[in-house]
Amino acid sequence: MGEATTRFVEHSLCPLGIGTQAVPRFEENKALCGAGILFMLPSLLAQGLLKAKEVFRLPASHYYGLESVVLTLAFMALARIKNPEQLKQCKPGEIGRIIGLDRIPEVRCLREKIKSISEQQRSIHFNNLLIDQWYRDDKQDDPHFLYVDGHVRIYYGYKANLPSKYISRQKLCLSATSEFWVNDAMGMPVMMVMGELTEKLQRVIEYQIIPRLIETKLISADIVNQQEPKCTLVFDREAYEPAFFQRLWERYRIAVITYRKNVKEQWDEKHFESIDVQVLTHVINVDLCEQETELSGYRMREIRRLGVNGHQTAIITTHPHLETRQVAGRMFARWSQENFFRYLIQDYDFDKMISFGVETIDMEKTVVNLQYRKVTCQLKKLREKKQRIESKFYPLVEQAIDSELEIIPRITDKHMQYKQILDDYNQKESVLVMERKKLQPHIKLSQMPEEKRYNKLKTESKIFMNVIKMICYRAESAVASLLSPYLANADKEKRMVVKQIIQANADVIPDYKNNILNVVLYSLSANRFNQVAIELADLLNQTETTFPGTELRMVFKISANLDCYK
């Protein structure tokens, strides 16, 4: 039954099909490893972790129920246990006692639970329920501001045949999949959609993200106010196209803020004004100027920032009346989403493959013809070589006219050599052009050779785990924001203190007579952090959180506080 098993009867009955899901039952445990993670539980519940019970189902005869599995996955993410295989290096009994069981599932069992949940194909519905909870009471007067960006996940395996994508962080083209994330104005994750092939951000926004926003009622489907945007999307140059911006406004009343491409003209520096701009929680002073501009026949607002070195950063927007300082602040705050990606890669390893295997893609989908692309690449390289030779060939004619008679033969020899090379290049170019004319630029997936035909990695388990990590990141951020007022250098220390609390040992002492579960956190690395933890404990106690599956009200204490055991 595995190490640390103590509830032998319940474990024995479940394989026979006559058992029931284990109910959390706590015993007194001192110095329980990593039990400080229980300080995160109220925030996890507030972020809707147990909404999973409304969406997914696990057999009632299994020892580990859905509640226990979801808590295990969330605690693993917060404890930086990045995949089920790393549980082999952990103490199963220690983590099990944190969730009220004798031990956590072993690796194979946990993977089977994830597979069972994924097969229900309900992860997107789970995400939609969470969005409804996160933004149900949102009473902001301003329209919602959402940041949209793609994240490329490199694939190092060999079973899937994926299209190549450019990886900016490695400056290479590699086999990869694309995830498109939506974050709110504070950088908190809202939703994500998976790309199957080589979808562009424009198409994903229009045909996947906007329908999801309407489905979750973050924006309404009807155009009520002709001048008021229902939502403002902020993204980088990847989705730049003025016609696309105009289409979003006319069809959905969605405004955009993005950087302008191909800026050539410079504005007069005397028109720029020094303005205080709020970027998230910070206020910075920048030189801004706004003018109306026409791009591809569409009138838009253009805001420019003048840098110290004279460089002008151009921002365009279709928002009709948002203040200049607000447009700049929202655009510069886009880095909150980049920081989100960086944090999840480093701490949550959210690029990790969750389940192995591939799935087929709709054979009627259109993809780039690889042969056409190959010939085009060859043609491009040939023309580059031809251009280099031409840059040497034509100046020789002028050089021969102005040169003395004795060196003309040498020039003529070089001229003939270059002429022969150019004739050879022209002949090859003609062959490649004729070969490319016989090929179609785009073909259906069914027309690709079977050995090279694209497929995709299993997506449902990845979406489910991404949703779990969204909840964990939001919960961790919420606790960090509670700590901020009590830290002198909050921006640099708040998440570090949260990590210390998560990794700290704690006493877990149940009091079934009074229905109380005492969680006593051990001392942190510095006394000032202990004082912050005391303030956090007071705030958490006000929530009167009940541990899931029990009637035990959680009471949080700090061992550094001498009165904690009284």
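This is a predicted model: local features need pLDDT of at least 70, side-chain atom pairs count only at pLDDT 80 or more; totals for chains, interfaces and linings use all residues.
## Ground rules

Local features need pLDDT of at least 70, and side-chain atom pairs count only at pLDDT 80 or more, while totals for chains, interfaces and linings use all residues. Residues are numbered from 1 along each chain as its sequence is written, and side-chain values use heavy atoms, without hydrogens and water.

## An open sheet

Four strands form an open sheet in the order β1-β16-β17-β18, with mixed pairing. Strands are DSSP runs of E, at least two residues long, numbered from the N terminus. Two strands pair if DSSP finds at least two bridges between them. At the edges are β1 (29–32) and β18 (553–558), each pairing on one side only.

Strands β16 (residues 506–511) and β17 (residues 516–521) run antiparallel, joined by six bridges. Val 508 has Val 519 in β17 as its bridge partner.

## Salt bridges

A salt bridge puts a side-chain nitrogen of Lys or Arg within 4 Å of a carboxyl oxygen of Asp or Glu. The count is 37. One joins Arg 334 to Asp 236, at 4.0 Å from N to O. Arg 334 sits in the loop between α9 (324–332) and α10 (335–348), and Asp 236 in the loop between β6 (231–234) and α8 (242–252), so the pair ties together parts 98 residues apart in sequence. Helices are DSSP runs of H or I, at least four residues long.

Both Arg 334 and Asp 236 are buried. Buried means under 20% relative accessible area, exposed over 50%, and partly exposed in between (1.4 Å probe, protein chains only). Another salt bridge pairs Arg 260 with Glu 265, with the closest N and O atoms 3.2 Å apart. Arg 260 counts as buried because its relative accessibility is 11%. Glu 265, at 37%, is partly exposed.
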